[in-house]
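Colleague: Could you take me closely through the part where the two chains meet, giving the cut-offs behind each term as you go?

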Amino acid sequence: MRKDLILHFGALAILLFLELLGVFSDYHQGNFARILVLAAYGIGYNVLFGYTGLLSLGHALFFSAGLYASGLSIYHLDYNVGQSLILAICFSAFFSLVIGYLALRTVGVSFMIVTLMFSQVGYLCILYFGGITRGDEGIVIQQSSRVFLSLDLSDPTIRYYAALIIFSLCLIFNLWIAKSSFGRVLIAIRENSDRALMLGYNVHLYKLFAVIISGTISGLAGACYGILFGYVGASFAAVPYSIFPLLWVLIGGVGTVLGPLVGAIFMFYLIDYASDITDAYMIIVGITLLVVTLYARRGLLGELRYRYFKWIP
Amino acid sequence: MDLGPYLLFASLEGLVHAAVLSLIALGLSLVFGVMRIVNVAHGEFFMLGAILAWWVSSFVLGNPALGFLLALLVAPIIAGIIAMFSDWLILKHLKYDPEATIIATIGILYIIQQAALMTFGPDARPVEQPFNVRLDLYWFGFSAYKFFVIFASIILLLSVWLVMAKTKFGLLLRATQLDSETAQAFGIPISTVYSLVFGAGAAIAAVGAVLIVPIQQAHYLMGGEPLLLAFIVVIIGGLGSLRGTVAAAVLIGMSDGIISVFFSPTLAKILATLLVVFVLLIRPNGLFGTAKV
């Protein structure tokens with residue numbers, strides 16, 4: 001058996017057995033369902049940042065594109081879960097194509113600024129068209145709409161399994177990308193884009209594909225988040241939701257398949273703990289960002305890969 | 001009111017916007033121009049200036065002009081010192097790597113913002129205008145203080161230009177901007193220059209905040225919007241080009257002010273970003289930008 005397959009399917013098996021053996025209390029079961037969907041979002045982010053080396057500061061735009069595409073179609077057009085998911089995937093893919101095409105006209109720091117700017121405007125648009133989106137207040141998706149193949153997705157146990165399936169799909173897809181020749185080219189672009197260009201690869205097109213894949217996974221995660229937890233609000237489009245995936249990836253390991261999950265678990269519980277103590281819990285995010293950039297640039301799995309396990313994808 | 005006077009009123013409001021915005025964007029552009037880093041925490045230094053202005057003026061009783069003048073002196077200095085401290089504590093150790101710096105300044109953003117929430121609190125607080133004179137412009141009255149804001153911003157912009165173009169320190173800055181390694185080889189203390197520039201960028205934004213806070217209120221979340229606008233300005237003007245920054249700030253500030261008066265502030269931001277999209281399509285380096293970044 002290959003070591004990398006054992007590691008990743010082992011991790012998925014642990015997540016499955018934690019539920020089967022009833023280890024979770026109700027509270028942690030809910031938390032982990034959220035973490036799994038958010039980690040899928042982190043995987044989407046990592047495809048662009050970790051593998052292609054493009055730092056986006058505006059991924060909340062893609063997350064909320066999926067979130068609102070599915071949420072609004074259920075709320076206004078009475079779509080069922082399956083239809084709304086298909087719509088969300090198509091919309092996110094198209095949307096990331098447009099945004100990627102525009103943002104990739106810039107390089108380096110301009111790319112980071114432009115993505116941040118686009119996502120801020122996405123947030124402002126959601127507030128501006130409050131008649132449709134109900135702005136800050138948001139939309140609550142009724143329990144009756146959250147049924148898929150006659151399974152009630154608002155039931156905590158079914159919700160956990162659904163979240164685990166979404167996460168597993170994204171993880172396997174990410175693993176496949178990391179091992180494929182396509183992924184190798186992305187890594188080559190990250191390491192030295194001039195050299196990749198010299199070797200004859202269409203760097204711009206590969207970057208655009210990376211943005212589309214990354215944006216679509218993020219949008220899918222957003223759509224699932226809205227459906228599983230029944231709430232679609234403007235706060236998911238705001239700056240913190242662009243910073244969180246960056247933070248998960250940095251903590252867990254830049255350019256590692258399991259990194260986003262590790263980072264998301266850590267940050268979720270850290271913020272959960274801090275928000276019990278103070279209203280100003282976002283200060284934790286600030287401090288963690290500084291600590292990670294100053295002392296742990298590779299993140300946990302990245303450091304392990306660097307020191308001991310060269311084979312971690 | 002007829003459309004003509006209404007448009008005049010909107011343009012005046014727009015000019016006040018543009019004046020303060022050009023200060024904020026100038027600080028951002030100066031830091032990028034010399035140090036080649038993007039300071040995402042820039043908006044928080046602006047917020048810090050506003051909160052410090054409220055704090056200083058709450059000490060000085062009696063004539064509000066006294067408190068205002070003191071704030072104009074103290075707030076930029078404190079904001080500048082905090083910026084220089086964060087440069088010394090953090091950015092220096094990252095060797096100004098563009099990616100690491102941008103992530104670290106996001107961290108600084110949250111620390112300053114949340115520290116303000118812990119100390120200053122979540123409420124918006126007003127600062128009294130230093131002088132309360134209304135100029136009668138025939139169709140409507142307009143606060144004389146707003147004219148002062150425009151005037152003071154122009155003075156500050158001119159003095160930054162004078163420092164850059166005519167003084168020894170400005171020469172050091174331009175040398176560092178052009179080629180930091182050669183500058184260092186010629187004995188220019190690069191790390192001191194960087195530290196001073198980072199502090200100056202924050203201080204200029206803080207001056208803008210002290211000027212605007214008698215019109216707008218001080219609030220711990222007020223840094224986000226000017227940061228967005230300043231980013232729009234530097235992308236349109238070309239990152240690092242001071243001339244382009246001021247030109248774009250006037251354009252964006254004016255249109256933002258006018259659209260805000262006639263329609264809504266949110267729509268103004270959305271339209272400004274569409275302008276950015278347009279500029280990116282025809283000139284990816286900005287209207288005045290030359291260097292690839």
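Modeller: The area buried between chain B and chain A, meaning the accessible area (1.4 Å probe) that the two lose on being put together, summed over both, is about 3500 Å², and carbon and sulfur atoms give 84% of that area. On the side of chain B, B:Ile103, B:Tyr110 and B:Leu280 lose the most area to chain A, together 17% of what that side buries. This is a predicted model, in which local features need pLDDT of at least 70 and side-chain atom pairs count only at pLDDT 80 or more, while totals for chains, interfaces and linings use all residues. Residues are numbered from 1 along each chain as its sequence is written, chains are lettered from A and ligands numbered from 1 in the order in which they are written, and side-chain values use heavy atoms, with hydrogens and water left out.

Counted by contact (heavy atoms within 4.5 Å), the interface takes 42 residues from chain A and 38 residues from chain B.

As for secondary structure, where helices (H or I, at least four residues) are DSSP runs numbered from the N terminus, α4 (98–119), α9 (224–237) and α11 (265–282) of chain B each supply at least two residues of the side of chain B that touches chain A. Helix α4(B) gives the most to that side, with 15 residues. By class, the side of chain B that touches chain A has 29 nonpolar, six polar and three charged residues, with Ala, Val, Leu, Ile, Met, Phe, Trp, Tyr, Cys and Pro counted as nonpolar, Asp, Glu, Lys and Arg as charged, and the others, Gly among them, as polar.

Leaving aside its neighbours within four places in sequence, B:Met35 is in contact with B:Asp87, B:Tyr96, B:Tyr194, B:Val197 and B:Phe198.
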